[in-house]
Amino acid sequence: MITAELLVLCKLCDQGRASKWAPYLQAAAEKFHIDTPQRIAGWLAQCAHESTNFRELSENMNYSAEGLLKTFPKYFNAIEAAQCARKPEKIANRVYADRMGNGSVESGDGWKYRGRGLIGLTGKTNYRMFGRDIAQEKELLDNPDMLLEPKYATLSAAWFWAINGLNQLADIKDIVGMSKKVNGGTIGLDHRKQLYTQICKALSI
């Protein structure tokens, strides 16, 4: 069971933040069968890393020109990077245009449906699917900032975890596989492993 005491013991956050998040984490975990120590450890580790220990619930698109060229070389050349640097909305609309169910750059969907929640749900298709599965599709598409609320931040993270088969990877303690599913690569892998180890130790697994 996910309690405030467990979050503090795992060194994921302080008592105040733990008390705020624990009930929502437990409810979401129950709904999506994150219900063994191995599954809880994997999920909490990824959620904590992605959200900077339950502090950040919206994707930070505030890149420098250098950062854009390093992170999104497919979408920017040097001139374009200089023009878009430190303009989060413009960056998101360009990077996420015409994919993941989003419309063109001009539609604004890239910014509207940028990553939110504990495991950065991204793209109109994901928002629509999640909204449909919790019977709130229209509300979520109209107001994607719902994912900034603890209830939906945790539910969306648990939903993403379940539909991507992450419980099965957690069952075999495949932290690299879990990280790749969540991140699309292995960015932050050392920190994810560190968090996972802390949580496993606290859960005695």
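A residue is called buried when its relative accessible area is under 20%, exposed when that area is over 50%, and partly exposed in between (1.4 Å probe, protein chains only). The model is a predicted one, so local features need a pLDDT of at least 70 and side-chain atom pairs count only at pLDDT 80 or more, while totals for chains, interfaces and linings use all residues. Numbering starts from 1 along each chain as its sequence is written, and side-chain values use heavy atoms, with hydrogens and water left out.

As for the overall fold, the protein chain has 13 helices and zero strands, where helices (H or I, at least four residues) and strands (E, at least two) are DSSP runs numbered from the N terminus. With a radius of gyration of 17 Å, close to the 17 Å that the globule rule gives for 205 residues, the chain is as compact as a globular protein of that length. That radius is taken over C-alpha atoms, and the globule rule is 2.2 Å times the number of residues to the power 0.38. Along its principal axes, the C-alpha trace spans about 50 × 35 × 30 Å. Contact here means heavy atoms within 4.5 Å. Among contacts between residues at least 6 apart in sequence, 53% join residues at least 24 apart.

Next come the charged pairs. Side chains of opposite charge can pair when their charged atoms come close. A salt bridge is counted when a side-chain nitrogen of Lys or Arg lies within 4 Å of a carboxyl oxygen of Asp or Glu, and the count comes to nine. In one of them, Arg192 meets Glu50 at 2.7 Å, N to O. Arg192 sits in helix α13 (residues 189-203) and Glu50 in helix α3 (residues 37-50), so this pair ties together parts that are 142 residues apart in sequence. Arg192 is buried, at 1% relative accessibility, whereas Glu50 is partly exposed at 29%.

Another salt bridge, of 2.9 Å from N to O, links the side chains of Arg94 and Glu80. Here the partners belong to helix α6 (residues 88-95) and helix α5 (residues 78-84), respectively, so the parts tied together are 14 residues apart in sequence. Both ends are partly exposed, Arg94 with a relative accessible area of 28% and Glu80 with 24%. Glu137 also pairs with Arg132, their closest N and O atoms being 3.4 Å apart, and Glu137 is partly exposed, at 24%. Salt bridges that share partners also join Asp35, Arg39 and Asp171 into one network.

Arg114 does have polar partners: its side chain makes a polar contact of 3.3 Å with the side chain of Ser58, and a polar atom of the Arg114 side chain lies 2.8 Å from the backbone oxygen of Trp111. A polar contact is a pair of N or O atoms within 3.5 Å; within protein, one must be able to donate a hydrogen and the other to accept it, and residues adjacent in sequence count only if both atoms are side-chain atoms. Leaving aside neighbours within four places in sequence, Arg114 is in contact with Ser58, Glu59, Leu121, Thr122 and Tyr127.

Helix α8 also holds Phe130, which is buried with a relative accessible area of 0%. Beyond its neighbours within four places in sequence, Phe130 is in contact with residues including Leu121, Leu140, Tyr152 and Trp159. The C-alpha atoms of Phe130 and Trp159 are 7.1 Å apart, although 29 residues separate the two along the chain.

Asp174 is found in the loop between α11 (166-171) and α12 (175-183) and is partly exposed, at 26%. A polar atom of its side chain lies 2.8 Å from the backbone nitrogen of Gly177. Asp174 and Gly42 are 132 residues apart in sequence, with 8.7 Å between their C-alpha atoms.

Finally, the cysteines. A disulfide is a pair of cysteine sulfur atoms within 2.5 Å, and a search of the whole structure finds zero. The sulfur of Cys47 is 12 Å from the closest cysteine sulfur, that of Cys13, which is too far for a bond. Cys47 is buried at 0% relative accessibility, and Cys84 is buried at 4%.
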